[in-house]
Every structure is written in C-alpha cells, then in structure tokens.
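Try each task before reading its solution.

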Amino acid sequence: MITIKDLKKDAEITAIIKTGEKQIDALAYTEHSVRHDSIVATWTAMILRETGADERLIRLGEIAGYLHDIGNALSRHNHAQSGALLAYNLLVNRGMDYADAAEIMMAIGNHDETHGVPVSVLSSALIIADKSDVHKSRVKKKIFKKSMNIHDRVNLAVNRSYIEIDNEQKIIYTIIETDPKICSVSDYFEIYHKRMFMCKNAAELLGYNYGLIINDLRVL
Ligand SMILES: [Fe+2]
C-alpha cells in the first residue's frame, strides 16, 4: 500500500515536483512547492476524516493533495489535466490499484477553477484544501509595493489561513486573517470569487455548506 511517506522519499516524484517549482519561479507565480503540496495533503485528509470518509479514501486524499500540482513541471497551462495523467502513471507504476489511481487522477484533473468541477468526495476535499492555502509566505517578493500584482498583494496580506469544520451545523469554513493595510477584503473577492463558488459547490457535494470568514466578516 503506497503512502505519502513513500512519495516524499521517491527520487522521481521529488525531481518532478522540484521542476514544477522551477517553472513557477520562472513565471513569478506564488509559491507552489513541497510546502504547499504538504499542506494541501494534510488538509485534504483532514476534510475527508472530519466528513466521515473511510481510511482508504483518506489515504488517497493525502496522496492526491501531495501530487495535485505536479503538472506544473510540464506547463502551468492545463497543469491540472497534465498532472492528473502524470500522477496516474506514477502511481500505477508503483503498484497502486488501477481504480485508486483513477480516483486520484479524476480529483487532480478537476482541482483548478479554470476547467475543474467537484465531481467526487475526493475532488471536493482537494478543491477546498487547495483554495484555502492563501498565505504571505507564498509570495516571493517580500517587500510590499503598491505596484504589485493583485495576487501577490492579497497573498502578502494573509497572516494566517486555516480550515474549520462544524459538524453540528454542517459547515466547512475557510478562515483567513489579513492585514487590511496591504489589501482590502474587496481585493480578495476580486481574484477569489470563482474559487469561493467552487468551494461552495465542493462543500455541497460533501453534504455541507461553505463559509468564508475574513477578519471576522462571514461571507457565504
Ligand atoms: Fe495547489
């Protein structure tokens, strides 16, 4: 049984993830490194556990989270689809059951808001985990400038982001603490409204509502 621990020690997978980081650096995008992959792996597994998934799906979710951005090594363009195919082959070559690898392929192929849709429990958990990782440490340029692009400005303003699940009320929350001197809440909505609705649809597939809380302002 393949686990995320095996993948973290795997030379081929590490080389591909590192190449993806190089491409993201060249494009001057926010950080998409092992840090982001590991957080998304942990949060995907946590969402699945809290919403009642079985151990098999939790393990697959952790792996999907770790590999979800592996397509960045080919191109940022359509990275979800290229990454899905890459992950399927890497996992089957390491002995993963075809159906389990296909489940991960489908989730990775649907994690990006450009073409993705929550289509399964696993893909829904992955979408919420991925979209909730907004943090100042993901911005490469550390000095705040008014001329910065809005993605960098919004990320740089975020001191903390995390997920909380209220199982009584059946709500999955993304909670974000920002510095209002760096970006306004409307800046956040300008770039993330598509992602928020994707998370809302993902939560609904899991049988939950979705809530976004920014500095105590509850949005959805
Ligand atoms: Fe991601």
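**Exercise 1. Two helices crossing**

Is the crossing in which α4 passes α6 left-handed or right-handed?

*Solution.* Some ground rules before we start. This is a predicted model, where local features need pLDDT of at least 70, side-chain atom pairs count only at pLDDT 80 or more, and totals for chains, interfaces and linings use all residues. Residues are numbered from 1 along each chain as its sequence is written.

Step 1: find the elements. Helices (H or I, at least four residues) and strands (E, at least two) are DSSP runs, numbered from the N terminus.

Step 2: settle the hand. A crossing is left-handed if the near helix is turned anticlockwise from the far one by less than a right angle, and right-handed if clockwise. Here α4 goes past α6 in a right-handed crossing.

Step 3: get the geometry. The axes of α4 and α6 are 10 Å apart, and the two helices pack at an angle of about 45°. That makes α4 oblique to α6. Axes are lines fitted to C-alpha atoms, for helices over the stretch in contact, and angles run from 0 to 180 degrees between N-to-C directions. Under 35 degrees counts as roughly parallel, over 145 as roughly antiparallel, 65 to 115 as roughly perpendicular, and the rest as oblique.

Step 4: list who touches whom. On the α4 side the contact uses L60, I63, A64 and L67, and on the α6 side D100, E103, I104, A107 and I108. Two residues are in contact if their C-beta atoms, placed from the backbone, lie within 7 Å.

**Exercise 2. Into the core**

Which members of the largest nonpolar core touch the most other members?

*Solution.* Step 1: a nonpolar core is a set of buried Ala, Val, Leu, Ile, Met, Phe, Trp, Tyr and Cys residues joined through C-beta atoms within 7 Å. The largest one has 48 residues, and A64, A87, I104, I108 and I128 touch the most other members.

Step 1: zoom in on one of them. Neighbours within four places in sequence aside, A87 contacts L67, I70, I104, M105 and I108.

Step 2: look for another core. A second, separate one has 12 residues, including V134, V139, L156 and I176.

**Exercise 3. A covered helix**

How many of the residues of α7 are buried?

*Solution.* Step 1: the count is 12 of 12, and α7 is mostly covered.

Step 1: its partners are α3 (34-50), α4, α6, β1 (158-166), β2 (171-178) and α9.

Step 2: take α9 from that list. The axes of α7 and α9 come within 9 Å and cross at roughly 145°, and the crossing is left-handed. From α7, V121, S124, I127, I128 and K131 meet R195, M198, C199, A202, A203 and L205 of α9.

Step 3: now the other α9 pair. Helix α8 (residues 150-157) and helix α9 (residues 185-205) have axes that come within 10 Å and cross at roughly 120°. That makes α8 oblique to α9. Contact comes from I150, H151, R153 and V154 of α8, with D187, Y188, E190 and I191 of α9.

**Exercise 4. Backbone and exposure**

*Solution.* Step 1: N78 sits in the loop between α4 and α5. Its phi is near 55°, a positive value in a residue other than glycine. N78 is partly exposed because 15 other C-beta atoms lie within 10 Å.

Step 1: K170 is in the loop between β1 and β2. K170 has a positive phi of about 60° without being a glycine. With 13 C-beta neighbours inside 10 Å, K170 counts as partly exposed.

Step 2: R160 lies in strand β1. R160 has 11 other C-beta atoms within 10 Å, so it is exposed.

Note on methods. Buried ≥ 20, exposed ≤ 12 C-beta atoms within 10 Å, placed from the backbone.
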